[in-house]
Structure formats: C-alpha cells, structure tokens
Amino acid sequence: KKLVVVDISDDELVRRAVGRRIDPETHTLYHLEGLGFPRPPEDKKVTSRLTQRKDDTEDRVRTRLDQYRENNPDLSSQFSGVLKVDGTKDPEVDLLPQIQQFVKQI
C-alpha cells in the first residue's frame, strides 16, 4: 500500500481558498492570483459579477483545517511506501512525474 502526502502550509491553503471566485452566469471558476484556476478576465462586466463562496473566508478555512486534523489521524504508518510532495509546486510539471514514478515502483 502506498500513500502520497501533499505537504502545504495552512497559510498557502488559506491563500488559495480566499482567492477563489465564481462567475454565477457561466459557472466559471477563477482565482484572483491565478492559483489552480485562471485569473479573472479584464472584462469589467465579468469581474463585477464574480462572487466568493461563504466558506472561502480565512476564518472558515482555518476552522475547516482544524476540524480535519481533529477528525483525521495520521495513517502514514499503515502504508509500506509514503511519498511526501511539495504542494506549492506545479501539479502537472513538478508533481505528476514524481507521483507516477512512485506508484510504478514495486
């Protein structure tokens, strides 16, 4: 059994969540800094209608992280192989090759 652990700080998770926006007309997801989703277009018509989920505030995200830790113990000792990856890296360029190689190992 193998486990991939994505290592990322709470501050970075908060930054990613707080920056998310959705266009309620097209249901397109954006991120104000372009993290994981494209940046919003320059079109003022689009940017004026973007909304933020109620759960995407710093307080709520930190509360969810605390709840996650309280309810999900570390299970890494139950796996024969554990790969820890840097969650701030580009998933496709930096992480995917590393994870694929790890999964293919016997």
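**Ground rules.** I'm working with a predicted model, where local features need pLDDT of at least 70, side-chain atom pairs count only at pLDDT 80 or more, and totals for chains, interfaces and linings use all residues. Residues are numbered from 1 along each chain as its sequence is written, and side-chain values use heavy atoms, with hydrogens and water left out.

**Glu12.** I found Glu12 in helix α1, residues 10-18 (helices are DSSP runs of H or I with at least four residues, strands are E runs of at least two, and both are numbered from the N terminus). Skipping neighbours within four places in sequence, I see Glu12 in contact with Leu35 and Thr88 (contact means heavy atoms within 4.5 Å). Glu12 also belongs to a network of salt bridges with Arg15, Arg16 and Glu33 (a salt bridge is a side-chain nitrogen of Lys or Arg within 4 Å of a carboxyl oxygen of Asp or Glu).

How many salt bridges does a search of the whole structure find? I got twelve. One of them joins Asp11 and Arg62, with the closest N and O atoms 2.6 Å apart. Asp11 sits in helix α1 and Arg62 in helix α3 (residues 58-71), so this pair ties together parts that are 51 residues apart in sequence. Next I checked Glu33 with Arg15, whose side chains meet at 2.8 Å, N to O. Glu33 is in the loop between β3 and α2 while Arg15 is in helix α1, so parts 18 residues apart in sequence are tied together. I noted Glu33 as partly exposed at 36%, and Arg15 as partly exposed at 35%.

Arg62 has a salt bridge with Glu58 as well, at 3.0 Å, N to O. Those two are four residues apart in helix α3, so about one helical turn separates them.

**His27.** What is the phi of His27 near? I read a value near 65°, which is positive in a residue other than glycine. Most residues other than glycine have a negative phi, so I made a note of this one. His27 lies in the loop between β2 (20-22) and β3, and it counts as exposed because its relative accessibility is 59%.

**Gly36.** I found Gly36 in the loop between β3 (29-31) and α2 (44-49). Gly36 is exposed, with a relative accessible area of 77%.

Key:
Buried < 20%, exposed > 50% of the residue type's maximum accessible area, 1.4 Å probe, protein only.
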